[in-house]
2 protein chains.
Amino acid sequence: MEEKRTDVNEFGEFGLIDHLTKSFTIQKESTVKSIGDDAAVINNQNWLTVVSTDSLVEGIHFDMMYTPLKHLGYKAVSVNVSDIYAMNAIPQQILVSLAISNRFSVEALEEFYAGVRAACDHYKIDLVGGDTTSSNKGLFINITAIGRAMPERVTYRSGARPGDILCVSGDLGAAYLGLQILEREKMLFLDNPNVKPELKEHQHLLGKQLKPEARGDIIAYMAEHDIFPTSMIDVSDGLSSEILHLCKESDVGVLLEESKVPIHPETEKTAISFSMDPITCALSGGEDYELLFTVDSGDLDKIRTMPDVYIIGDVTDPSYGAMLKTTGGNFHKLTAQGWKHFEQEEK
Amino acid sequence: MEEKRTDVNEFGEFGLIDHLTKSFTIQKESTVKSIGDDAAVINNQNWLTVVSTDSLVEGIHFDMMYTPLKHLGYKAVSVNVSDIYAMNAIPQQILVSLAISNRFSVEALEEFYAGVRAACDHYKIDLVGGDTTSSNKGLFINITAIGRAMPERVTYRSGARPGDILCVSGDLGAAYLGLQILEREKMLFLDNPNVKPELKEHQHLLGKQLKPEARGDIIAYMAEHDIFPTSMIDVSDGLSSEILHLCKESDVGVLLEESKVPIHPETEKTAISFSMDPITCALSGGEDYELLFTVDSGDLDKIRTMPDVYIIGDVTDPSYGAMLKTTGGNFHKLTAQGWKHFEQEEK
């Protein structure tokens with residue numbers, strides 16, 4: 001009898017971890033929230049501890065050919081800190097684990113850690129642990145971030161209610177197009193190493209791809225102005241995918257208005273130069289690390305005056321589903337494209 | 001001018017992380033203990049939170065040819081939980097991150113998670129997070145473990161004082177010889193796939209290598225009998241290496257007596273069959289995951305009656321250094337051999 005072999009792609013990225021962990025039961029009183037949100041939540045009586053972990057893998061999440069190591073260190077921290085902010089918590093500590101091949105010199109690792117340190121300074125967090133081990137091939141980075149929140153402020157993916165307003169910070173699609181530019185310049189360089197890369201006119205896109213900033217300013221502003229988001233998630237896999245997470249966890253629908261999705265002029269221009277639809281980049285491009293959240297409609301005035309935050313739609317009844325209203329007035333069902341993970345193994 | 005390139009091996013495993021993180025300063029009041037012990041310590045007012053992270057890399061820490069995935073899941077948890085116990089804390093939660101190639105099927109991952117679940121049940125801990133991403137090649141496992149301790153019970157590497165007694169749990173060198181047996185059987189199999197592996201007579205060694213148990217029983221016994229270790233570390237890289245850590249962090253010397261180092265009869269017999277010195281296996285073989293600790297000499301009677309704990313030496317003045325007294329009455333300076341990490345990258 002042949003052994004059963006189910007390809008991991010059958011489950012998709014999120015289905016897989018659900019499938020693998022569904023039989024685990026909670027044993028500790030202190031475990032408030034386990035798998036299924038941006039971070040786990042642990043009860044420490046006075047406040048809640050929030051913990052999240054994320055891996056970045058060479059050849060999957062970054063290409064050493066165009067990723068400066070210092071930026072990579074900074075980005076690896078930002079990605080994890082973003083998950084802590086997405087719980088409406090304040091990051092406190094991180095642990096950094098690396099698996100490296102001897103292709104990396106001490107100087108290269110110093111560059112990486114210089115980026116980690118710059119991020120620690122920026123987010124005012126402590127590096128408190130980690131390990132460095134070897135790999136036969138490639139660089140693997142894993143970071144665990146620990147945050148803290150008052151119990152009444154922690155925000156889950158599950159708190160959105162019909163009638164709430166859907167908001168997002170910053171602009172979307174830029175990081176994805178930054179990656180397209182870097183990939184194009186890499187191809188041109190491989191074709192002709194004498195060609196000079198044209199990167200100057202794409203500052204915004206490259207900045208969002210190579211050195212994203214987690215939106216602690218949004219969290220601080222909300223605390224200062226008594227804004228309590230009802231649900232929140234960070235945009236790491238594309239707006240559509242994150243909206244579908246909120247809909248599923250909150251058991252609600254969403255009406256997203258295409259005309260209101262914030263897209264930077266540079267994103268718009270570059271998308272067109274690549275013969276791509278800018279809204280598709282915003283909906284399905286990953287790595288924006290902006291915050292997507294919902295607020296009670298009573299908070300509308302507070303949100304209207306909030307810097308760099310955009311109202312992009314409404315939370316609806318779950319039976320309505322997750323819908324996009326296009327600029328032309330048509331309605332489409334939102335689908336998650338996200339990123340293709342689980343590539344073929346190199347032979 | 002040529003760019004400077006320092007090989008990572010110049011620093012050794014522990015020197016490297018020290019070197020890379022020495023310029024980081026502590027920013028949070030809640031950070032009690034950062035890098036440099038088995039786990040980081042975070043102040044939560046009522047108790048301390050203890051956090052540790054560890055990676056296991058295919059081809060470096062395990063060989064898929066003779067490592068059952070369920071055992072690997074169990075071991076990955078044990079290795080991390082062991083670090084929490086080594087702080088005299090009780091493990092509470094874990095986060096598991098995997099980077100996998102599509103060589104691994106869902107069924108293979110289910111096997112791995114069955115091992116993680118068995119460990120969660122055994123250690124009474126919750127799996128609260130993690131991510132699963134793809135790798136181009138190989139399996140990378142990172143686990144973060146979170147524990148809790150009353151402030152007065154947390155035990156660092158730095159608390160040993162001259163006059164203390166040096167103790168270790170269990171027996172040493174078995175996991176290393178278990179690995180040698182698995183490597184030998186692999187070679188025999190590659191030579192002739194029809195050969196049947198001879199594993200039955202090595203139950204103890206293979207159990208210690210493939211499915212190590214973190215010594216929560218030792219921590220529970222010490223709590224119950226009011227034994228306060230002055231310093232503690234888990235034996236992951238070999239007894240010598242761990243003793244040198246305690247000496248450095250506590251600024252003390254140690255006199256280790258060869259005749260008192262606990263070695264299982266199976267370890268002794270197998271070492272000799274491999275033409276190895278059993279004491280060398282105990283001193284330099286890794287992955288025992290036993291607890292090495294020091295206690296005040298006033299606790300001598302309590303330790304004498306403690307199950308599966310052995311008194312192996314004394315803590316001395318720092319000027320004495322770390323010395324081994326051999327069975328023959330000679331004295332040798334202890335040196336760390338440990339494991340060779342940072343291998344050549346495969347071409």
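1. Two residues count as in contact if their C-beta atoms, placed from the backbone, lie within 7 Å. On that basis, in this predicted model, 77 residues of chain A are in contact with 77 residues of chain B.

2. Several elements of chain A give two or more residues each to the side that touches chain B. The helices are α1 (12–21) and α3 (106–123). The strands are β2 (40–43), β3 (48–57), β4 (90–100), β5 (126–129), β6 (132–134) and β7 (140–149). By residue class, this side of chain A divides into 33 polar, 27 nonpolar and 17 charged.

3. How are the two copies related? Chain A superposes on chain B by a rotation of 180 degrees, with 0.0 Å of shift along the axis. The RMSD is 0.0 Å. That is the relation of a two-fold axis.

4. The copies meet through the same surface, because 100% of the interface residues of chain A are also interface residues in chain B.

5. Within chain A, helix α4 (residues 174–191) packs with helix α5 (residues 203–210). Their axes lie 7 Å apart, at an angle of about 100 degrees. Angles of 65 to 115 degrees count as roughly perpendicular, so α4(A) and α5(A) are roughly perpendicular to each other.

6. Which residues make this helix contact? From α4(A) come Ala174(A), Ala175(A), Leu177(A), Gly178(A), Leu179(A), Ile181(A) and Leu182(A). From α5(A) come His204(A), Leu205(A), Leu206(A), Lys208(A), Gln209(A) and Leu210(A). The residues of the α4(A)–α5(A) contact divide into 9 nonpolar, 3 polar and 1 charged.

Methods:
Residues are numbered from 1 along each chain as its sequence is written. Chains are lettered from A and ligands numbered from 1 in the order in which they are written. This is a predicted model: local features need pLDDT of at least 70, side-chain atom pairs count only at pLDDT 80 or more; totals for chains, interfaces and linings use all residues. Axes are lines fitted to C-alpha atoms, for helices over the stretch in contact, and angles run from 0 to 180 degrees between N-to-C directions. Helices (H or I, at least four residues) and strands (E, at least two) are DSSP runs, numbered from the N terminus. Angles under 35 degrees count as roughly parallel, over 145 as roughly antiparallel, 65 to 115 as roughly perpendicular and the rest as oblique. Ala, Val, Leu, Ile, Met, Phe, Trp, Tyr, Cys and Pro count as nonpolar, Asp, Glu, Lys and Arg as charged, and the others, Gly among them, as polar. Copies are superposed by least squares on the C-alpha atoms of residues with pLDDT of at least 70 in both.
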